[in-house]
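Subject: Handover of a structure and notes on its contents

Dear colleague,

Please find the sequence and structure below. My notes on what was found follow directly after.

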Amino acid sequence: MAKTVSPDAICTILANPSPESSSDLPEIVVQVLDLKPTGNRYMFTASDGKMKLKAILQSGLSSEVVSGNIQNLGLVRILDYTLNDIPTKNEKYLIVTRCEAVSPALDAEYKAEANNAEETSIVLKPKEEVDVMKMEVKNRGPGIILKPKQEIVAKSAVQIVNEQNVNMAPAARMGMNRRIYPLLSLNPYQGMWTIKVRVTSKGSVRTYKNARGEGCVFNVELTDEDGTQIQATMFNDAARKFYDKFALGKVYYISKGTLRVANKQFNTVKNDYEMNLNENSEVEEVSNEAAFIPETKYIFVPIDELGPYVNGRELVDVIGVVQSVSPTVSIRRKSNNETIPKRDITIADETKKTVVISLWNDLATTVGQELVDMADKSPVVAIKTLKVGDFQGVSLSTLSKSVVAINPEIPEAKKLRNWFDSEGKETSLASVGAGLNPTTKGGARSMYSDRVFLSHIVSNSTLGEDKPVFFSIKAYVSYIKPDQTMWYRACKTCNKKVTEAIGSGYWCEGCQKDDNECSLRYIMVVKVSDASDEAWLSVFNEEAEKILGCSADELNKLKTEEGETSYQMKLKEATWVPHLFRVSVTPHEYNNDRRQRITVRAIVPLDYAAESRYLMEEISKMKISQ
């Protein structure tokens, strides 16, 4: 085939936004413009010389870009695609699911010449645009010929096959009648779609109780052939209908669901959307369970960058060389007194830092034992979905959905192995949590790293727009408002907020139970000052106790028994005391007013010896720079 751009390629795509079969597609060759990475995928602009369309390559095609087969200004032949229409942005996105490189980079952007004056004078009205494109493409003499839409529908090969297979199993009919959409191509504005996914995680049915009543909810994590994941949620009737239907590890066709923007507070899957299935949704098991094995995708966090994730909701993937494996121990759960196995492994990476990972339950006994048997060979492990804790400064723990791969065949593992064999085994390694306060939360670092003045934070309103940023500051608590809400009633088991139960006691939404007693936990704001500026900081229980020197229950007792004067004196005693703070900064809106939220993540008293060393180092840097 000639290595040239197909005439009217973009018109062809716009006229047929969701082809039923890739085998029916005409020749579609476009030029790649503005090729750039976005996450683990690549975006570009598809051009036929006259029209352009924003496009994104499915992540499975990223290797074609990395290898150099697909290049900026080069030509690609589109073999299968989906065209997404996003009304809120008034634009279309071409999701390329299959393509092949036709030509390396051309010398310049291809521009098609108009055949005649009439062609250049065409003006498309918004509502008639697609119809005119269809007619234009059809009427081109030697060019591409498309049949009218109604003719395609009337003589669809899929319909003919469907009529011949009316007695086939439901799953088979679903698979043949509908186009299978990749998860990457879905968005909340699409209508009918069918996906083919494997259940890679299955939760239990949970009950809830709120102001609107009681109910139950159930979640599964779904993965398609490309490795893209999405969380599907079912409530009440849908949860009861599909809980037994979904089996871990099996493949299903799913349709008639809806998508919405993911709530990151309750969704740990790395997807901008989450799926809702109701009782009218269709779920059919694929008869051939080995239809595909999802590609495991990792977003590795280097060990020395784990600090900002400590005690956060975001889960991480890590890769490292195993340094040691501990024996299995039994841990008794406080919640149900059940005994579960645990095994710790220590891994290191190219940052020359180590971290301890706790393997729980089956991972401790199966994968853990396998690592014991090969520990002398220093295997490489890649672990997906880990929680970051603060034990020994920074630590990692597996969850029920965690996946451990030993010596995986991925580029990162090969690179790490080469580093370890060449220099890593002889390098001095240090724990990532060494020298850190074991109780440090969120952004664990030395209190002398990322040190800034308050003016640096309050003068920069854009800090933390993409994700929270962390700083260390030295400041004085200058004022604590006595009339603010200082604490909340909390469950003694899970520390979540409780409400007064009907009759007596307190109801905990998290534990789903009543309790006769509750505890008080601090949730307050304090004003702090340094030589450059002042700011209001949000402070929670453990950090507030260090500032005030007493628990919320003790302060409440003081206020109740000794009166308002003693209470205010206690607050005043805590002011004008220097502290080292580790803080996170994020923007938030209050009454349509955009503000900064500065939250205390850790607090320690001022160590004058360490502070003196820090100041001497800063003075030395100033001398060197001069």
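I begin with the confidence of the model. The model is a predicted one, and over residues 171-176 its pLDDT stays under 50. For residues 171-176 there are 18 contacts beyond four places in sequence. The protein chain as a whole averages a pLDDT of 80, and 81% of the residues score at least 70. Over residues 115-130 the pLDDT is again below 50, and this stretch has 11 contacts in the model beyond near neighbours in sequence. Where pLDDT is low, the predicted coordinates should not be read in detail.

The largest nonpolar core has 35 residues. Met486, Tyr522, Leu537, Leu548, Leu555 and Phe581 are the residues that touch the most other members of this core. Strand β26 (residues 519-529) supplies the largest share of the core, namely 5 residues. Leaving aside residues up to four places away in sequence, methionine 486 touches several residues, including Tyr522, Leu548 and Leu555. A second, separate core holds 25 residues, among them Ile303, Ile347, Leu386 and Leu396.

The salt bridges deserve a paragraph of their own. The whole structure contains 18 of them. In one, aspartate 8 pairs with lysine 50, and the closest N and O atoms are 2.8 Å apart. This pair links distant parts of the chain: aspartate 8 lies in the segment before α1 (9-15), while lysine 50 lies in the loop between β2 (41-47) and β3 (52-57), 42 residues apart. Aspartate 8 counts as buried because its relative accessible area is 6%, under the 20% limit. Lysine 50, at 40%, is partly exposed.

Another salt bridge joins the side chains of glutamate 517 and lysine 492, at 3.0 Å from N to O. Glutamate 517 is in the loop between β25 (513-515) and β26, and lysine 492 is in the loop between β22 (487-490) and β23 (498-500), so the pair ties together parts that are 25 residues apart in sequence. Lysine 492 is partly exposed, with a relative accessibility of 46%.

Finally, the surface. Which residues form a nonpolar patch there? They are Met616, Ile619 and Met622, which together have about 310 Å² of accessible area. Methionine 622 belongs to helix α16 (residues 608-625).

Yours sincerely,
A colleague

Key
Residues are numbered from 1 along each chain as its sequence is written. Side-chain values use heavy atoms; hydrogens and water are left out. Patches are made of residues with over 30% relative accessible area and no salt bridge: like charges are joined within 9 Å, nonpolar side chains (Val, Leu, Ile, Met, Phe, Trp, Tyr) within 5 Å. Accessible areas come from the Shrake-Rupley method with a 1.4 Å probe; for residues, only the protein chains shown count as cover. A salt bridge is a side-chain nitrogen of Lys or Arg within 4 Å of a carboxyl oxygen of Asp or Glu. Helices (H or I, at least four residues) and strands (E, at least two) are DSSP runs, numbered from the N terminus. pLDDT is the predictor's confidence in each residue, from 0 to 100. Contact means heavy atoms within 4.5 Å. A nonpolar core is a set of buried Ala, Val, Leu, Ile, Met, Phe, Trp, Tyr and Cys residues joined through side-chain atoms within 4.5 Å. Buried means under 20% relative accessible area, exposed over 50%, partly exposed in between (1.4 Å probe, protein chains only).
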